[in-house]
Amino acid sequence: MIDDELRARLEALGGMDAGPGSLAGVVVVDVTRVVAGPYCSMILADLGATVIKVEHPDDPDYTRTFPPLLEREGGEGFSGFFAQYNRNKLGVSLNLRHPEGKTALERLVAKADVLVENFRPGTMDRLGLGHEHLGSINPRLVYAALSGYGQTGPYRGRPAYDNSAQATGGLWSMNGPAGGPPTRVGTIIGDLAASLYGVIGVLAAVRHAERTGEGQLVDVSQQDSVLTLTENAVVSYTTEGVVPVPLGNQHPFVRPYELFACQDGYVFFGGYTDKFWKISCETFGSADDYAANPDLHRMADRFDAVVYAQQVKPMVERWFAGRTKAELEALAGDLVPLSAVKDIAEVVADPQIAARDMVVEAEYEGYGPLRTFGSPVKLDRTPPRARGLAPDTGEHTDAVFRDLLGYATDEIEALRTAGTI
């Protein structure tokens with residue numbers, strides 16, 4: 001933990017969003033890159049932690065080059081992708097292969113509560129900066145390691161990306177059009193799931209450390225994380241021997257609960273319960289749609305695949321065919337689970353998204369404004385900070401080394417001359 005005065009001084013340098021947050025005083029050393037680790041530490045930063053992002057001075061996080069880029073006249077672009085996952089952080093450059101770099105990281109860890117890394121297992125140990133060593137320097141350190149397959153098991157040393165987790169966690173095999181080949185989920189769900197579980201693990205471990213003074217390893221695997229997103233797949237197999245296959249937009253057994261075409265696009269409709277089915281018949285259909293079909297009144301009957309294909313689905317398709325997305329939402333959006341399928345342009349303009357402050361803007365000097373997603377965690381006493389800036393490479397090295405670690409000006413210059421920072 002750091003005191004409020006030092007925290008405020010450092011965060012002012014980093015252009016942090018207003019408000020200290022629930023994790024004020026918690027110091028996180030972030031030696032991650034790409035998404036899974038950076039997003040984990042960014043959520044902690046949004047919640048008020050002081051996050052110090054450590055990057056190699058000559059080989060920083062390569063997502064700094066990822067599109068889209070904010071452009072400025074006569075200069076290099078600044079990655080909106082990088083900014084989206086690294087806001088509210090202080091940027092420090094440090095070569096961990098230099099002896100002085102290892103010493104500097106050890107001094108950071110001595111002041112920290114949490115370290116987050118997402119290297120392949122064994123990488124930090126080979127640098128002499130693994131969990132056991134850093135834990136000996138700071139026994140209350142929470143050491144969070146996010147990786148493709150975790151710190152144990154026969155796959156632990158394998159390189160992995162998001163698609164590796166989707167493939168080996170079972171999700172890829174279940175996704176795609178019915179009767180078609182497996183299809184990856186259209187976002188980096190393995191990375192993002194590991195980020196979220198990483199945050200949960202860190203918060204639990206920090207709570208334990210606060211009570212006992214005892215740190216611990218938080219070991220999060222992308223493969224593990226993806227497996228937990230497969231809904232009923234595991235119990236379907238272990239109970240009935242059923243191996244899920246791609247079903248397109250249908251649910252394995254709940255019906256109606258899928259995508260339906262309308263006049264100007266598609267809607268999701270999930271009126272599968274007896275209550276919602278009756279309301280839907282009365283709202284969308286003719287007077288006879290409910291009364292004339294008593295064989296469809298029971299949810300179990302509508303779940304039958306043949307009954308659904310021959311009676312239920314054609315009825316719903318008839319209801320929606322002549323209406324627009326907006327008309328359908330206006331007619332029944334408050335009555336039954338019915339939602340327009342929106343592209344990102346429509347989502348960004350959505351009044352509910354605006355009401356929830358889920359698209360936020362930050363001003364990058366020389367580049368202009370950048371709009372990114374906000375924080376889905378709403379706290380009424382200590383709201384998350386969602387409008388902070390992402391740092392340039394090593395932007396706050398001098399301030400962190402001087403104010404937090406106690407380096408003298410000549411020592412910092414010597415480190416810079418040696419290429420350590």
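# A guided tour of selected sites

Select V34 to begin: this residue sits in the loop between β1 (27–30) and α2 (36–46). The model is predicted. Although V34 is not a glycine, its phi is positive, at about 75°. With a relative accessibility of 24%, V34 counts as partly exposed.

Next, select E231, in the loop between α10 (222–227) and α11. E231 also is not a glycine and has a positive phi, about 55°. Its relative accessible area is 56%, so E231 is exposed. As background to these two stops, most residues other than glycine have a negative phi, and most peptide bonds are trans.

The tour now turns to peptide bonds. Select P67 and P68: the bond from P67 to P68 is cis, with omega near 0°. P68 belongs to the loop between β2 (50–55) and β3 (69–70). Then move to R255 and P256, which are joined by a cis peptide bond with an omega of about -5°. P256 is found in the loop between α11 (233–240) and β9 (258–262).

For the next view, display helix α12 (residues 274–284) together with helix α15 (residues 305–320); their axes come within 10 Å and cross at roughly 40°. That angle makes α12 oblique to α15. The crossing of the two helices is left-handed. To see the contact itself, select W277, S280, C281 and F284 on α12, and V312, M315, V316, W319 and F320 on α15. Sorted by class, the contact of α12 with α15 comprises eight nonpolar residues, one polar residue and no charged residues.

Keep C281 selected. This cysteine counts as buried, at 1% relative accessibility.

The last stop is V400, in helix α19 (residues 397–404). Is V400 buried or exposed? Its relative accessible area is 0%, so V400 is buried. To display its surroundings, select L10, I52, L90, V92, L108 and L405, with which V400 is in contact when its neighbours within four places in sequence are left aside.

Key:
Residues numbered from 1 in each chain as written. Predicted model: local features only at pLDDT ≥ 70, side-chain atom pairs only at ≥ 80, totals over all residues. Heavy atoms only, no water. Axes fitted to C-alpha atoms, helices over the stretch in contact; angles between N-to-C directions. Helix = DSSP H or I, 4+ residues; strand = E, 2+ residues; numbered from the N terminus. Parallel < 35°, antiparallel > 145°, perpendicular 65-115°, else oblique. Left-handed = near helix turned anticlockwise from the far one by under 90°. Contact = heavy atoms within 4.5 Å. Nonpolar A, V, L, I, M, F, W, Y, C, P; charged D, E, K, R; others polar. Buried < 20%, exposed > 50% of the residue type's maximum accessible area, 1.4 Å probe, protein only.
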